Amino acid sequence: MTARGPLKAGEPVLLIDRKKRRYLIDLAAGGEFHSHSGVLSHDELIGSDEGTLFRSTRGMTFIALRPTITDFVLKMPRGAQVIYPKDIGPILILADIFPGARVLEAGLGSGALSIAMLRAGAHITGYEIREDFLSRAVSNVTRFLGPEVLDRYDADIRDAYAGIGTSDLDRVVLDLPEPWQVVPHAQTALRPGGIFVAYTPSIMQVAQLHARLENSAFGMAQTTEVLNRGWHVADQAVRPDHRMVAHTGFLTSARLLSESPKI
């Protein structure tokens, strides 16, 4: 989201209660938010500043904020498992997404990565083989970024394993079970120096992908894994959290070279 100023009807808002429970709602004139903690009128929120404290009919207090991309991804409706924020950030860096970048994204899932790349300014051609996933991804993208972003989001039912129907791409970003099947197509669709990035849950997928990259025009292949550990800080009690977000997936990147030396 890029909105500023008072909260407006039609935009998503995050409500956080005093027990730190989070609720994602879409503001609507005359609407109401119902929970076990009572009712909160949307009209009270509309026109108020972010960070304002509101009280439900049963006395529960809520803070209202516009959701960050992390808030939205973790609370938005899902069809497929999402790529989590701890991996989305590194993917944006590994793929070097820039304003105007021409990106082929295959395996749209629920649209989490699409949202991040679109907000970074990319123009996305999206491939998804399941119509329900495609519909959910487009809905989530539109809900968070607004309908105007669809000018840069050309998503359709299509199988990347069968080929890529565009060329001179800057980036190819995949969330697919067998990304190695896309390597030959990415070779012809990417411009020289273009970047290939794949998200895969299993290390065996990584091994098979590297084997295919080794016998291609791609070089500089590397794989990384991101682990996220929070800390508990309360007065003099400072320690790592008992729980952490550990393995979710592996991130593999490579660059298309004009010749085939392996670097």
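1. How much space lies in the largest cavity? In this predicted model, the volume of the largest cavity comes to about 70 Å³, and the count of cavities of 30 Å³ or more is one.

2. The lining of this largest cavity is made up of Q81, V82 and I83, of E105, of the run G107, L108, G109, S110, G111, A112 and L113, and of D175.

3. D168 belongs to the loop that runs between β9 (153-157) and β10 (169-174), and D168 counts as partly exposed because its relative accessibility is 49%, where the exposed class would require over 50%.

4. A positive phi of about 60 degrees is also found at M220, which is not a glycine either. M220 is part of strand β12, which spans residues 218-225, whereas D168 is found in a loop. With a relative accessible area of 40%, M220 is classed as partly exposed, because the partly exposed class lies between the buried limit of under 20% and the exposed limit of over 50%.

Notes:
Residues numbered from 1 in each chain as written. Predicted model: local features only at pLDDT ≥ 70, side-chain atom pairs only at ≥ 80, totals over all residues. Heavy atoms only, no water. 1 Å grid on protein atoms, 1.4 Å probe; cavity = no way out; pocket = protein on both sides within 12 Å on 5 of 7 lines; lining within 4 Å. Points joined across faces, edges and corners; volume = space filled by probe spheres on them. Helix = DSSP H or I, 4+ residues; strand = E, 2+ residues; numbered from the N terminus. Buried < 20%, exposed > 50% of the residue type's maximum accessible area, 1.4 Å probe, protein only.
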